[in-house]
Amino acid sequence: MKNILKIIAINFTLLLGMSTYINAHHAFTAEFDPNAPINITGKVVKVEWINPHAWVHVEVKDMGKTTVWMVEGGTPNTLIRNGINKKTITPGTVIVVRGYQSKGKLCLPRCIANGRDITFPDGRKVFMGSSGTGAPRDGSDPRERR
Amino acid sequence: MKKFLFIGLIVAPLMSGLNAEEWGNTKTWFGDPDLQGTWTNASLTNLERPDYYDTLIVSEEEARATLRMSEEFSEEVDNPYKDGESPQAGDNVGGYNVAWMDPGTDLFKLDGKYRSSILTYPEDGKLPRRYIRWGLEAYGMYRMFTVADHPEERSLGERCLVGFGSSGGPPMLNVLYNNNYQIVQSPGYVMILVEMNHDARIIRLESNHNPDNMQPWLGDSVGTWEGNTLVVKTKNHHPQQKFRAGIRHQILIMEGAEITERFTRTDENEILYQFEVDDDKAYKDLWRGEMPLRSADGEIYEYACHEGNYAMANILAGARAEERK
């Protein structure tokens, strides 16, 4: 019996390790499909600055068909503290989104994806890293203390 | 009494910091030591000590190495593909770009020395887990990550009830982002607003615990002042809040656990936060930890989680799609 419980405990630890690696506000794999990568380019039509995740709506035109994607980003609290605000992406801006589609794939009323990274067509990152995101420390971030 | 609390919550922030100049003696307008402000525990130091450190206190060189590792990891996470390349199907995607997160930028220092873990006891910096108990409780955790028949089965963070990990505490531990707290005091109360998910822990001063059948989110906390230190005792933890799992830590807090926290303002920009967890069902021994709460710039942005929680509908839709396969 003790051995069985130990096996359960080890399995639990593995499960925990796996799930926490990809867990933010929610478990990534519960919502998105890692086997459904996307790489889309389109015009921003709407930005929802809401918790627990900001959402950017992108209109993609392909072969005469227009599809609107809702792209999930980070929590606005974190983005604001990293110097990212509503003016960073505004409607009309063209962006490139790489990420993964939702498992539902219904596209009703809009297709849904996570925004793993977002760039402008010329390669510049839309969300620039600050010293709080692992970029070199330059002393400009008040959180770099002592 | 409720009216007093309400007035205190409104007035106290306005009156904060108007008294003595030395922080050790600074009082609120009603005479309690002043802990008020917005604070953060964001740091690269985790609850448990990584295997590559042997000691609690680490050198400047080791601390710099940790920062380099963090930056290299960020670089790797942010740039897994060349420009124009698409993510590969089946990749371990890791979820998000690092720009979405805010884990902290350094190992924290106490007494001028870098720390490799929040844990100070046991001395090896590892939780003294009772693995058999953890195994017995594992099924509940397993269901939270795998079953999606209805919203109530999902994890507390996904349901916008409390933040993931032990962000709200007690003990209050650092997670990947939103590591911010606002402390507001009024006569007879200390309120700690936890940014994620907008949880307010109201600590009653010089009060008894509520009956044991009352088990609120974040537990039942009562406090007392020992000199300039606020000592908070919490028990009667919510039974659904046993597992607190995030990337930075995984802890198990049973309903009968007794947790003692100590808050001491050491200067204008820092509170020394210490805690002890006594939970003999889940652990073979006590465990203790300490870390600074450092002043944070700006105010807390409201975490109105339910209003924008598209994730829950997407998770349930995803589960239905899986069933159709």
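Colleague: What is the mean pLDDT of chain A?
Modeller: This is a predicted model, in which local features need pLDDT of at least 70 and side-chain atom pairs count only at pLDDT 80 or more, while totals for chains, interfaces and linings use all residues. Residues are numbered from 1 along each chain as its sequence is written, and chains are lettered from A and ligands numbered from 1 in the order in which they are written. On the scale of pLDDT, which is the predictor's confidence in each residue, from 0 to 100, 66% of the residues of chain A reach 70 or more, and the chain mean is 71.

Colleague: How many contacts beyond near neighbours in sequence does the model have over residues 4–23 of chain A?
Modeller: The pLDDT over residues 4–23 of chain A is below 50, and where pLDDT is low, the predicted coordinates should not be read in detail. Counting two residues as in contact if their C-beta atoms, placed from the backbone, lie within 7 Å, the number for this stretch is 35.

Colleague: What is the average twist, in degrees, from one strand to the next?
Modeller: In chain A, five strands close into a barrel in the order β1-β2-β3-β5-β4, with mixed pairing. Helices (H or I, at least four residues) and strands (E, at least two) are DSSP runs, numbered from the N terminus, and two strands pair if DSSP finds at least two bridges between them. With axes as lines fitted to C-alpha atoms, for helices over the stretch in contact, and angles running from 0 to 180 degrees between N-to-C directions, the twist averages 55 degrees.

Colleague: Which residue in β3(A) is the bridge partner of Val56(A)?
Modeller: Strand β2 (residues 55–62) and strand β3 (residues 65–72) of chain A are antiparallel and pair over eight bridges. Within β3(A), the bridge partner of Val56(A) is Val71(A).

Colleague: Turning to chain B, which residue in the turn between β6(B) and β7(B) has a positive phi?
Modeller: Strand β6 (residues 180–186) and strand β7 (residues 189–194) of chain B run antiparallel and are joined by six bridges, with Ser186(B) partnered by Tyr189(B). The two strands form a hairpin with two residues between them, and the turn residue with a phi of about 90 degrees is Gly188(B).

Colleague: Which turn residue has a positive phi in the hairpin of β7(B) and β8(B)?
Modeller: Antiparallel pairing continues from β7(B) to strand β8 (residues 199–205) of chain B through six bridges, where Ile192(B) has Arg201(B) as its partner. Four residues lie between the two strands of this hairpin, and the one with a phi of about 65 degrees is His198(B).

Colleague: Is Leu218(B) buried or exposed?
Modeller: Leu218(B) is found in the loop between β8 and β9 of chain B, and its phi is near 70 degrees, a positive value in a residue other than glycine. Because 21 other C-beta atoms lie within 10 Å, Leu218(B) counts as buried.

Colleague: Is Glu206(B) buried or exposed?
Modeller: Glu206(B) also belongs to the loop between β8 and β9 (220–226) of chain B, and its phi, near 50 degrees, is positive. Because Glu206(B) has 9 C-beta neighbours inside 10 Å, it counts as exposed.

Key: Buried ≥ 20, exposed ≤ 12 C-beta atoms within 10 Å, placed from the backbone.
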